[in-house]
Amino acid sequence: MKTVFRKYTFLLALLIILALLATQIKWIVYSIRFQDKVFEKSVELALTETMTNLTADKPLCNKVKACVECDSIRLKAQLTSTGVWQEIHDAIKSELKSYDIDLEFEMYVLENGSEELRKLEAEFDKGLFYSRCMGGILGQTGYQLVVEFPSRTRFFFATAGYMFVGSVVLILLLIISLFYLLRIYNREIRIAKHTKELLNNVSHEFKTPLSSIALASNMIRKKRYGTDDEKLGNYAELISKENRKLQNLVESLLRLEAVERNEFDYNKENTSIEDVIKEATSTCEMLLEEKYGRIRYDFKTEGEQVYIDRLHFVNVFVNLLSNAIKYSQRAPNIDIVTRIENDNLVIWVKDNGIGIPVKFQKYIFDKYYRVPTGDVHNAKGFGIGLAYVKQIVEAHNGTIAVKSIVGEGTVFELELPKIKS
């Protein structure tokens, strides 16, 4: 019930965030359109005021008329030489500033029907050009005063730029946070599931030896062995065997805590990896014999050494080998191959086990994760072996990868830097 409630609560929060994002985007679009309208109206009013002021300036009007009547082809040059061009430019600039528009602009005085004016008229609807008839100044129609704003977008940043940029940044941060929360949520759900399985496995694996010890000690306490010393020895041996199992389980739990906190002490030394592998295989001999399996070596790194903690790497290979033996439905055939590649020592541990489905392979190095195999107690373990293996390998500047085919087997590839001579 709680899991379902958390799920729907998270979905509700997700919908609220998406609604906020949609509202924010809609507001930004509206703000841009509003500023565009404000800009257009401000320019129109500024030009209207400018033309009114210029029309009232009779000396200026007379100068413009004289320039137009003298030579309309070289109009701009004549207006510039008489200072009229600068006066008109300054008048427009001053009026624009009164509307908080401080932008550079280009100015043209063009004759009606001219080719240049027709080209500019095609851009009027885009808000890049604005024009006014100069009939009031000249006393006749026939010329247009055209103003162009090449850097029009600066107006938007000057008025709403910081707010716009800030909104965009906040939206991006919100999206990133949303995906990060989704990732954390999925990871926490996965960890919670694996932790539950871990607790089930712990209780199951402790229950069996404890029951055996309780039964054997109860038989001894009640002297059910009679005068048979051999039976008494069997009970004592059973207690000792189950006690060792409990010790191994406790050591596994202590290792789990070390994996959780990443608190390992390393005693690194120059070591032959072949010696480490053979020590690990000797530890797994009894388990291998029980399933009539075999291990075959193909070492091509004689004399090469690596700088590692020998004890931890023995445990690394014990984990890999015990997994290869446990997860096999037939006699385990394990191949261990070593090679030198690109100044690195590469080790392959190949088995003919049940294999790992592709969809589970990316999770196998996660803490507490166990690949589903039907019965959760079919293969015992706490789901920390491969997490421990990866942590140890990476602590020695190495890498580990897995390749597996269901029904055919699995290959673990370890790569460690070799000691340079």
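This is a predicted model: local features need pLDDT of at least 70, side-chain atom pairs count only at pLDDT 80 or more; totals for chains, interfaces and linings use all residues.
Reader: Start with the overview. How many helices and strands are in the protein chain?
Author: The protein chain has 13 helices and ten strands.

Reader: What share of the residues is buried?
Author: Of the 421 residues in the chain, 38% are buried.

Reader: What about sequence range? Among contacts between residues at least 6 apart, what percentage joins residues at least 24 apart?
Author: That percentage is 71%.

Reader: Helix packing next. At what angle do α9 and α11 pack?
Author: About 55 degrees, with the axes 8 Å apart. Helix α9 covers residues 273–283, and helix α11 covers residues 310–326.

Reader: So what do you call that, oblique or roughly parallel?
Author: Oblique. Roughly parallel would need an angle under 35 degrees.

Reader: Is the crossing right-handed or left-handed?
Author: α9 crosses α11 in a right-handed sense.

Reader: Which residues of α9 and α11 meet there?
Author: From α9, the residues are I273, D275, V276, I277, E279, A280, T281 and T283. They meet R310, F313, V314, F317, V318 and L321 of α11.

Reader: How many of the residues in that contact are nonpolar, polar and charged?
Author: Nine are nonpolar, two are polar and three are charged.

Reader: α11 also packs on α13. What are the angle and the axis distance?
Author: The angle is about 145 degrees, and the axes are 9 Å apart. Helix α13 is residues 385–395.

Reader: Left-handed or right-handed for α11 and α13?
Author: That crossing is left-handed.

Reader: Which residues make the contact?
Author: α11 brings H312, F313, N315, V316, N319, L320 and N323. α13 brings G385, L386, Y388, V389, I392 and V393.

Reader: How far is A387 from Y368, C-alpha to C-alpha?
Author: 8.1 Å. The two are 19 residues apart along the chain.

Reader: Switch to the strands. Where is F412?
Author: F412 is in strand β10, residues 409–417. With a relative accessible area of 6%, F412 is buried.

Reader: What does F412 touch, leaving out residues up to four places away in sequence?
Author: F412 touches L320, I347, W348, V349, I364, F365, L386, I400, A401 and V402. Among them, L320 and L386 are listed in the contact between α11 and α13.

Reader: And K350, how far is its C-alpha atom from that of F412?
Author: The separation is 6.6 Å. Along the chain, F412 and K350 are 62 residues apart.

Reader: Backbone now. What is the phi of N342?
Author: N342 has a positive phi of about 55 degrees, although N342 is not a glycine. This residue lies in the loop between β7 (333–341) and β8 (344–350).

Reader: Is N342 buried or exposed?
Author: Exposed, with a relative accessible area of 72%.

Reader: And N397, what phi does it have?
Author: N397 has a positive phi of about 60 degrees, and N397 is not a glycine either. The residue is in the loop between α13 and β9 (399–405).

Reader: What is the relative accessible area of N397?
Author: It is 65%, so N397 is exposed.

Reader: Last one. Which helix holds S240?
Author: S240 is in helix α8, residues 229–261. S240 is partly exposed, at 31% relative accessible area.

Reader: How far apart in space are S240 and I213?
Author: They are 8.5 Å apart, C-alpha to C-alpha. In sequence, 27 residues separate S240 and I213.

Methods: Residues are numbered from 1 along each chain as its sequence is written. Side-chain values use heavy atoms; hydrogens and water are left out. Axes are lines fitted to C-alpha atoms, for helices over the stretch in contact, and angles run from 0 to 180 degrees between N-to-C directions. Helices (H or I, at least four residues) and strands (E, at least two) are DSSP runs, numbered from the N terminus. Angles under 35 degrees count as roughly parallel, over 145 as roughly antiparallel, 65 to 115 as roughly perpendicular and the rest as oblique. A crossing is left-handed if the near helix is turned anticlockwise from the far one by less than a right angle, and right-handed if clockwise. Contact means heavy atoms within 4.5 Å. Ala, Val, Leu, Ile, Met, Phe, Trp, Tyr, Cys and Pro count as nonpolar, Asp, Glu, Lys and Arg as charged, and the others, Gly among them, as polar. Buried means under 20% relative accessible area, exposed over 50%, partly exposed in between (1.4 Å probe, protein chains only).
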